[in-house]
Amino acid sequence: MQIEIKKYTLQLAHTFTISRESHDTQDTMIVGLSLNGKTGYGEATSNPYYNSTVESMTAEIEAVREAIESYDFDTPEDFDKHLQSLGLGNFTLCALDLAANDLYGKLEEKPLYEIWGTNTNYYPTTNYTIGIDTIEKMVEKLKEKPWPVYKIKLGTKDDVAIVRELRKHTDSIFRIDANCAWTAEETIKNAPFLKDLGVEFLEQPLKADYWEGMEKVKASCVLPVIADESCIVESDVEKCGSYFDGINIKLTKCGGLTPARRMIAKGKELGLKIMVGCMTESTVGISAIAQLLPQLDFVDMDGAMLLKGDIATGVKILEGGKVIFPELPGSGIALL
């Protein structure tokens, strides 16, 4: 195999704000793996919360480039075992694993969802994310993008008031993501008001390791709660099963499609609702997520929709949430 690494700085359509950070651009690393005339593409974004930069990920790959390029590629599952033995971080593993899966599908001349024995007759609709802003700006963003399901980022002093105002302008489903900003008491107190306002579930209201608080929330909250920051890697799934109603799997955090599929299986075994979420990434990462759609209860794959311009073709999301899967096999990705 041959490896190619490219850095892109993605321009966002709007300043994107969550409870702990704000940004107008997003750095991302695209990895290409080429074999027998085919190239698979993978992506991992930089993320200060997880101390990951494009430069640090690139350095990790360069340090083991020979061990990767000399590997006798067979299946993504075997390749994942090889990568795990090289001591790479999960964001770096994600880019390589996504590229390996895309490459494998292209070599087999089939989309990944078909290789995995699933079909796209049913799939959940992605939410569209409204980042924290003034109430006026959040209403403006909502009106700018009519959508059947919104994820509302919260973590302010006026969270319930924000949702109450947004509800005046749409009948769409709301999902709330506080990104660790609430206390257990706030969560339990806010939930009845939010439920009355048509909120479907709460995502990661408490700090990632605040298990005592989550125990209180699990016992008293009137809305389902989905783990995000508390569920990073495979070993987190079982613990989350006791404290949450579902898990949000991020490919970048867990190391790619291969471990994500194992997390999905484990989560279903535990009776958890399964969601896969995105970072603010291009169509490269989003097309990989889309291959998992038939296995999911919920999905957050709006990353490329939040950009001013894209860097690749692949899965298309039409107005209203309909997904058009690409003709190319694998994840169906081609760089522009």
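How many helices and strands does the chain have? Colour the cartoon by secondary structure and count 13 helices and 15 strands. Keep in mind that this is a predicted model.

**The whole chain**

Zoom out to show every residue. The C-alpha atoms fill a box of roughly 55 × 40 × 40 Å along the principal axes. The radius of gyration is 19 Å; a compact globule of 336 residues would have one near 20 Å, so the chain agrees with that expectation.

Now show contacts. Among those with a separation of 6 or more, 65% join residues 24 or more positions apart.

**Surface and charge**

The accessible area is about 13600 Å², and carbon and sulfur atoms make up 48% of it. Of the 336 residues, 57% count as buried.

Next, select the charged side chains. There are 35 positive and 51 negative ones. The centres of the two sets lie 5 Å apart.

Most residues other than glycine have a negative phi. Two stops go the other way.

Select Asn179. Look in the loop between strand E6 (173-177) and helix H8 (184-196). Asn179 is not a glycine, yet its phi is positive, about 45°. Is Asn179 buried or exposed? Its relative accessibility is 5%, under the 20% cut-off, so Asn179 counts as buried.

Move on to Gln204. This residue sits in the loop between strand E7 (199-203) and helix H9 (211-220). Gln204 also has a positive phi, about 40°, without being a glycine. With a relative accessible area of 0%, Gln204 is buried.

How values were computed: Residues numbered from 1 in each chain as written. Predicted model: local features only at pLDDT ≥ 70, side-chain atom pairs only at ≥ 80, totals over all residues. Heavy atoms only, no water. Helix = DSSP H or I, 4+ residues; strand = E, 2+ residues; numbered from the N terminus. Rg over C-alpha atoms; globule rule 2.2 N^0.38 Å. Buried < 20%, exposed > 50% of the residue type's maximum accessible area, 1.4 Å probe, protein only. Contact = heavy atoms within 4.5 Å. Areas by Shrake-Rupley, 256 points an atom, 1.4 Å probe, with all protein chains shown as cover. Lys, Arg positive; Asp, Glu negative; His and termini not counted. Charge placed at Lys NZ, Arg CZ, Asp CG, Glu CD.
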